[in-house]
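User: I would like to learn how to read a protein model. Please take me through a few features, with the general idea each time.

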Amino acid sequence: MHRRMLIFGVGSILIIVATTFTIGKYWVEIYDKYQENKQLDAKLSDLKDEEEKLKLDALKLQDPEYIARYAREKYLYSKEGEFIIKIPEE
């Protein structure tokens, strides 16, 4: 009888330890997924902001006057009779 109680006690402790270990492992996985979710939400927000900026740029590029002004500023093209003076940035 004493031997049965010892075997039952050791078996119960092993089951409790195994269950605790398994639950702990799942909590760590859940926490990691939570952290990953937060990072991905931040990245999604950044990508949505970038998408809006790109949509606005694409809309601006539909305007011929904007394209002409952009080319003059960026690539130093000039209109007839215009002179371009580039000032170096410090």
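User: Does Lys55 count as buried, exposed or partly exposed, and at what relative accessibility?

Analyst: Buried means under 20% relative accessible area, exposed means over 50%, and partly exposed lies in between (1.4 Å probe, protein chains only). Lys55 counts as partly exposed, at 48% relative accessibility. Keep in mind that this is a predicted model, in which local features need pLDDT of at least 70 and side-chain atom pairs count only at pLDDT 80 or more, while totals for chains, interfaces and linings use all residues. Residues are numbered from 1 along each chain as its sequence is written, and side-chain values use heavy atoms, with hydrogens and water left out.

User: With which residue does Lys55 form a salt bridge?

Analyst: Side chains of opposite charge can pair when their charged atoms come close. A salt bridge is a side-chain nitrogen of Lys or Arg within 4 Å of a carboxyl oxygen of Asp or Glu. Lys55 pairs with Glu51, and their closest N and O atoms are 3.7 Å apart. Glu51 is partly exposed, at 39% relative accessibility.

User: Why are Glu51 and Lys55 separated by about one helical turn?

Analyst: Because Glu51 and Lys55 are four residues apart in helix α1, about one helical turn separates them. Helices (H or I, at least four residues) and strands (E, at least two) are DSSP runs, numbered from the N terminus. Helix α1 covers residues 2–60, and the chain has two helices and zero strands.

User: How many salt bridges does the structure hold?

Analyst: The structure holds two salt bridges. One of them joins the side chains of Lys53 and Asp57, at 3.6 Å from N to O. Lys53 is exposed, with a relative accessible area of 51%, whereas Asp57 is partly exposed at 27%.

User: What is the radius of gyration of the chain?

Analyst: This value is taken over C-alpha atoms, and the globule rule is 2.2 Å times the number of residues to the power 0.38. For 90 residues, a compact globule would have a radius of gyration near 12 Å, but the chain has 33 Å. Its C-alpha atoms fill a box of roughly 110 × 30 × 10 Å, taken along the principal axes. Of the 90 residues, 2% count as buried.
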